[in-house]
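Hi everyone, thanks for making time for this.

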Amino acid sequence: MKFGRCIGAFTLICLIAMLSMYPLPAHAEKAIDVSPALKDLNHAITALQNNKSAEADFSSFKKWWQNNKTAVSQSSLDASIQLSQDISSASLDLLNGDRAEAIKSVGALRQTLQDYQSGLYGGAAKSGHHSLSSYITELGNAKQSMSQKDWVTAASQVKQLQQDWLSVEGDVVSQSQSIYTESEKDLVMMDAYLADSKTRTKALPLVDEMITSLKPLASANYGMWDAALIPIREGLEALLVIGALLTFARKANSKPAKVWIWSGTSLAVIVCLAVGVLVSFLLSVAAFGNNNSLINGWSGVVASLMLLYVGYWLHRNADIKRWNAFIKSKTSQAISKRKMISFAVLAFIAVLREGMETVIFLIGMAGRMPYTQLATGIAVGFGVLIVIGFLMLKLGVLLPLRPFFMISSFVVFYLCFKFMGSGIHSLQMAGVLPSTVSEALPSINSLSIFPSWYSTVPQAICLLLFIFIILKEQQTASSHKAQTHAKEA
Amino acid sequence: MKHQKKIVFLLLMAILLLPVITACSSTQKSGSTKTAQTTSDPVKQGTNKMKQLNNKLQVALKKNDTAAIKKYGKQINTQWLSYENNVRDRFPLQYAKIERYQQPIYAQSNLADPDVAQIKENSSALTGQLNDLLTAKETKSKPSKQMDQAVDDYLKYADEQIDMLVKTTKPFVKAVKDGDIEKAKKLYAEPRIYYERAEPIAESFGDLDPAIDARVNDVDDLSKWTGFHEIERALWEKNSLKGQGKYADKLMADVLDLQKKSKTFKLTPKAMVAGAMELLEEAATSKITGEEERYSHTDLVDLQANVDGSEAVYQAAIPALNQGHKDLANQIDKQFQAFDKQMLKYKKSDTEYEDYTKLSKEQIREISNELSKLSKLMAQTAKIF
């Protein structure tokens, strides 16, 4: 236990130390707020489309330009050059009263301005205006227009969404390649559906789908609890694995086994921290994104296979007699060395898998919330984990043998099932496996059931094996009983 | 023993796993460094394939072959998806522009009855963007000697203009302070010429341009309004120079300040061309609209001065343009001549043009057409720098 506490404290200190070194992105000195200009231009275009004068709106835009052009050209000469040309064309078309041309040229000007806002021209304009959460709000607006059957507005909103997608797609792709691909597809299809009066009602479910899938990725409003929940959410499963293994080692009275398990765990923690340092100082999260999926995927599949075996083994030992025989058979060394190594490997993989995600997520958060909140969040999260782990070990030791083995084997099977699903899903995200989706299949996130045959078939096999093991054990148990009954008789 | 074998197998798998992962990351890294150097650039290759497919699409569009249009529309999308990540990382602007035309083509090709006219428009725009990507410069190349020379030449020109500005502002300021309205009105236009020619330099110094050249609608607080246009209003609208002495003094001080600062001013070639573009934009947004000199109506004087200022950039850039861009240089040259010819109709003397309010709509349109052509040609120059 002492060793365990040490590890906990070590992890916590390392994480906090690492995050404190992580350079928080400095806010751009003077972000140019493009939104009033865009608003003016939008109004101007609407006015032109409705055969009204756009003069007032364009004047208002010119005033904005007058006040901001020096800052724009300081941040990007390319933007300044392109804007100068677009503004000239728009101004001349408006002056000459050529309505159709003016709509085009004001539109082109708005486009350039949006490109500049998205940071395409480089420079400091990349303002926080297009965080993922504001993007989702925009999606909500488009959805509202669609449900009000205001198709014209919806179509222009979707065009705008396609435009703005650029400024958020990096955020999305770094978190999930599949949501990224899916969302891009949705945007395309929405646009296509809306263009045709026969199909436009089909756009509504797509916008809904996008909102649902992007919402979990929107990270604009991170708070202390968001940071705390990450280690809790990610760590719980690893904790269950380690808890089961440790309790088992304790029941078997094997100190070396405990040391092996702890070594596996601490090695994984160190690897996670190393990856964290690597990602925050050398690579970007986006550059690491695919590797993260690969590590997650393979470790999930391997851990699942190992857990299947451990579950089987634990379940077998639920038979007291067998357990006693097991303890007696090797009194000096109750657990073979090979088994101990496999425990260490399992602990390593389970912690690596969850720890890596924790580290990546926390780094992703680091730039988007106050540093003190992040630090307290992490401290609270790990504190909760440590308490849970402590209780689990105490309770596990107090439990009588049979229930312990029953419960822990079920927990291990549950994790086996889940790891298999999420592991294969990660491999699909990494592009190792094709990510074909079948609508006939259910999607249950809590069990990591994804609507793809690639993940559900191996999961089904795990489930079948599990049922087979239980049935077989019951059979042997009943035959044991029958035998003893026969002997007694 | 059977279990032990299993464990060994699993262990082996786990051990094999780590090198696989590290190998994955290292191949990715070495891959990306390679792309930056070799001539078989995946972006170039992918873009050439896109162009081929787009050409096929255009053939199908001509024949109005819906099945083929849909096929190539989808193939273009598949091709784009296969390498767009490379483009996004290295050429974000070109990436965005290609997506803008490629995505609607894909969207249409997924419909039972695609809009051929729309695809046509987007496909031809896509051709342009793909060509743009093929020639896009990834890293900012070092400015050549000619370009540096061009900047030096231009700065010399700008210095001359600012010196002339100081020289011509002095008698104007004196007339204002003397309360001589008629003389001040006569002397008003000349310093404006030199200022409008060298305005990009003034705009580089934060507060100087608004202090010297702000128009009434540029300022939120009228009590803080200073510069030429404040005095212009006093001269033409109020017809009184009462209390204008302090504005005249401030104007003189600011102009002298500008002269001092411009002596040590440094400029990059690109910033120089951006300045020329800004001048043309000013001409198109405030001079040709009659907003600049709303009391004196000497807008055409300023308009010509703006164009003169951008022509000076062009002339300084001729040696650089002549290296491989002779055609463009010729076009620009012709266009400046065409513009000057148009303006000659309204020229009365070097410092005097027709009153803006006397121009007909048609005449304004003629001038703006020439201006618009100029702006487009100068923007092409910007791509070279």
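Before I start, one definition I'll need in a moment: the expected span of a helix is 1.5 Å times one less than its number of residues. And please keep in mind that this is a predicted model.

Let me use that definition on helix α14 of chain B, residues 326–344. This helix has 19 residues, and from its first C-alpha to its last it reaches 27 Å, close to the 27 Å expected at 1.5 Å a residue. Which residues of α14(B) are buried? They are I332(B), Q335(B), F336(B) and F339(B). These residues sit on the same side of α14(B), because they cover an arc of only 100 degrees around the axis. As a reminder, an α-helix has 3.6 residues a turn, so residues three or four places apart point the same way. The other side of α14(B) has the exposed residues K326(B), D327(B), N330(B), K334(B), Q337(B), K341(B) and L344(B). And what do the buried residues of α14(B) pack against? Their partners are α13 (299–321) and α15 of chain B.

Let's zoom out to chain B as a whole. Its secondary structure comes to 15 helices and two strands. Of its 385 residues, 42% are buried. Taking contacts in chain B with a separation of 6 or more, 73% are between residues 24 or more positions apart.

Now for its partner. Chain A has 17 helices and zero strands, and buried residues make up 43% of its 489 residues. Here, 78% of the contacts with a separation of 6 or more come from residues 24 or more positions apart.

L246(A) counts as buried because it has 24 C-beta neighbours inside 10 Å, where 20 or more is the cut-off. Not counting residues up to four places away in sequence, L246(A) touches K258(A), I261(A) and L393(A). L246(A) and A347(A) are 101 residues apart in sequence, yet 9.8 Å apart in space, C-alpha to C-alpha.

On to where the chains meet. In this model, 47 residues of chain B are in contact with 44 residues of chain A. On the chain B side, the elements giving two or more residues are α1 (2–37), α4 (92–109), α12 (269–287) and α15 (361–384). Of these, α1(B) gives the most, with 11 residues. By class, that side of chain B has 26 nonpolar, 12 polar and nine charged residues.

Next, the cores. The largest nonpolar core has 145 residues, and the ones touching the most other members are V273(B), A276(B), M277(B), L280(B), V313(B) and L371(B). Its largest share, 12 residues, comes from α13(B). Leaving aside neighbours within four places in sequence, M277(B) is in contact with I81(A), S84(A) and Q85(A), as well as M378(B), A379(B) and A382(B). There is also a second, separate core of 67 residues, including I242(A), A268(A), L305(A) and V351(A).

Last, confidence. Chain A has a mean pLDDT of 77, with 76% of its residues at 70 or more. Confidence in chain A is lowest in helix α1 (residues 2–21), at a mean of 51, and highest in helix α4 (residues 77–95), at 91. Over residues 19–30 of chain A, pLDDT stays under 50. Residues 124–129 of chain A are below 50 as well. Where pLDDT is low, the predicted coordinates should not be read in detail.

Technical notes: Residues are numbered from 1 along each chain as its sequence is written. Chains are lettered from A and ligands numbered from 1 in the order in which they are written. This is a predicted model: local features need pLDDT of at least 70, side-chain atom pairs count only at pLDDT 80 or more; totals for chains, interfaces and linings use all residues. Two residues are in contact if their C-beta atoms, placed from the backbone, lie within 7 Å. Helices (H or I, at least four residues) and strands (E, at least two) are DSSP runs, numbered from the N terminus. Ala, Val, Leu, Ile, Met, Phe, Trp, Tyr, Cys and Pro count as nonpolar, Asp, Glu, Lys and Arg as charged, and the others, Gly among them, as polar. A residue is buried if 20 or more other C-beta atoms lie within 10 Å of its own, exposed if 12 or fewer, and partly exposed in between; C-beta atoms are placed from the backbone. The arc is that of the directions from the helix axis to the C-beta atoms. pLDDT is the predictor's confidence in each residue, from 0 to 100. A nonpolar core is a set of buried Ala, Val, Leu, Ile, Met, Phe, Trp, Tyr and Cys residues joined through C-beta atoms within 7 Å.
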